[in-house]
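Work through the exercises below with the structure in view.

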Amino acid sequence: MEKLMIAGGYPLKGTVRISGAKNSAVALIPATILAESPVTIEGLPDISDVQILKGLLEEVGGKVHFDQNDMTVDPSSMISMPLPNGKVKMLRASYYLMGAMLGRFKKAVIGLPGGCHLGPRPIDQHIKGFEALGASVTNEQGAIYLRADELRGARIYLDVVSVGATINIMLAAVRAKGRTIIENAAKEPEIIDVATLLSNMGAKIKGAGTDVIRIDGVENLHGCRHTIIPDRIEAGTYIILGAAAGQGVLIDNVIPQHLESLIAKLREMGVNIEINDDQVFVGSQEGRKLKAVDIKTLVYPGFPTDLQQPFTSLLTKSEGTSIVTDTIYGARFKHIDELRRMSADIKVEGRSAVIHGPVQLQGAKVKASDLRAGAALVIAGLMAEGVTEVTGLEHIERGYSHIVEKLNGLGATIWRESLTTEEMDQMKNA
Ligand code: EPU
C-alpha cells in the first residue's frame, strides 16, 4: 500500500483536464445490464470504482471490453447471479445493481453496499420504490433479496431527495409495465446523464433534471454509444485548489453551469474566476486577501456536500470566521481533526465546522478517512509549509483519476511512497 507525500508551498500553474464523472460512471455501468445488445460508454474515469464494477458485470456473465476510457459491455449472456458479498461491499454504488438486475431479470440478490463512512446512509427510499413497482424486498444476512413476478409502473413520492434512489427507481422502472412517476426526485446532472443513456437505449423518460420524472416502461432496451459528462466534483476540487494554491490554473472539460453555487461562493470570497465555454480559469491569488464566507450544503443546484470538505481547507486561509454546515451528511467532518493537526483553527459544532482564519497550515502526517476528506487533505498539503504525508490513498483513488500525475502537471511536488511496516500495522489495527 502507498501514501501520498506532498511538499507544500509550490504555486500551481497550468492546465488540468477533468475526467468523466465518477457518480455518473457508477450508475451508467450497471445500467448497461438492462440492454440486450452491446453498450459503449465513452470517457469513463480511470478510477478503482470503475474497475470494481467492470469485475462485477463480468461475474454475472457480461463480456466487458475496457480500452483506455471507453467501455463496451455486451450484456446479452448475463444471468441474475447472486452477488451477496465480495466486490459489492467495496463501493456504495453497487446498490445500482439492484435496480438494473431487477429491471432486467425481475430478481436480484445484492450485498448491502459499502463506500465512504459519512454517518448513516440508509437505502429505505430505494426499497420503497422497488416495492411500489411490485417487488418483494427482504434483507437476509446482510444481502438484499429482490423478486417480482412482474414490475408495474407506480407513482412514487420520495420522502428524502436522494440521488441514489432516483436513479435506482429509474433503472427498475424503464422495463416495468406502464407509467412510473417519481415525485420529489433529485435533480443532479448525473441523473440527467443516466436518463440520457437509458433514452439512447430506447427507454421513454421525461423530466430528468426536474423534481418529477415520468417513465413509460418498454419491453426491451438495445445497445448504443454514450459519452459521459465531466466530473463536476473533480472540477470543483481543482477550482478550489486553484484558489488555495494557484497562480493561474485553467480547468478544462467542465460544464460551468454544474458548478454555479461553488463559483458564486468563490467570487464572494474575492477569488478571480473567468468562465469560457467548457473551461474555468482561476486567476492568481498572489497578494489577494480572501474573505471568510459561510456555506450550507444542499441538494443540487445548492452547494454540493462533496465539495464541502475540500472547501474547508481553502477557508483556513480566509480572513475571519467561516461556518460550513452540512445538511446532507451531518457527520461528514472526519477531515477536521486532520486539518487541526496541520495547525488549522477549526472546531465542529453539531452539523457545522467553524473555521477561524487566516492560518498558515503546516505539513503533518494525516489520514484520509474517505474520498473527499482525502481531497481536502491534498489541498491542505499543497497550501502547507513543509511536507505532508497522507495515508488512505486508496480512498482518494476511488474518485480522482491520475491525481498525482495531474497535480505534477500543474507544478506540484507530490509523489507516492510505500507505507512503512509500522504504518501497515497501524492500518490493520485501525
Ligand atoms: N437518504 C435516506 N434514505 C435513502 C437514501 C438517502 O435517508 O434511501 C439520505 C442520505 O442518508 C443522505 C441524503 O438522503 O442524508 C442524500 O443521500 P443520496 O441518496 O442523495 O446520496 P447517495 O445517492 O447515496 C450520492 C453520491 C454521493 C453524494 C450524495 C449527495 C454516488 C455514488 N454518490 O450518494 O457522493 O455525496 O449523492 O449528493 O452518486 C462522493 O462522491 O464522495 C459521494 C459520497
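The exercises treat the ligand site and then some backbone features.

The model is predicted, so local features need pLDDT of at least 70 and side-chain atom pairs count only at pLDDT 80 or more, while totals for chains, interfaces and linings use all residues. Residues are numbered from 1 along each chain as its sequence is written, and side-chain values use heavy atoms, with hydrogens and water left out.

**Exercise 1.** Describe the shell around the ligand.

Step 1. Count the residues with a heavy atom within 4 Å of the ligand. There are 26, and the closest are Gln125, Ser162, Asp306, Ile328 and Arg372.

Step 2. Sort the shell by class: 13 residues are nonpolar, 6 polar and 7 charged. Here Ala, Val, Leu, Ile, Met, Phe, Trp, Tyr, Cys and Pro count as nonpolar, Asp, Glu, Lys and Arg as charged, and the others, Gly among them, as polar.

Step 3. Assign the shell to domains, whose bounds come from an automatic or database assignment. Domain 1 (2–19 + 230–429) and domain 2 (22–227) each give at least three residues.

**Exercise 2.** Find polar contacts of the ligand and state how far the protein covers it.

Step 1. Look for pairs of N or O atoms within 3.5 Å.

Step 2. Include the backbone: a polar backbone atom of Gly164 is 2.8 Å from a ligand oxygen.

Step 3. Turn to cover. On its own the ligand has 820 Å² of accessible area (Shrake-Rupley method, 1.4 Å probe). The protein covers 90% of that area.

**Exercise 3.** Where does Lys106, with its positive phi, lie?

Step 1. Phi of Lys106 is about 65°, although Lys106 is not a glycine.

Step 2. Lys106 falls in the loop between helix 3 (96–105) and strand 6 (107–111).

Notes
A residue is near a molecule or strand if one of its heavy atoms lies within 4 Å of it. A polar contact is a pair of N or O atoms within 3.5 Å; within protein, one must be able to donate a hydrogen and the other to accept it, and residues adjacent in sequence count only if both atoms are side-chain atoms. Helices (H or I, at least four residues) and strands (E, at least two) are DSSP runs, numbered from the N terminus.
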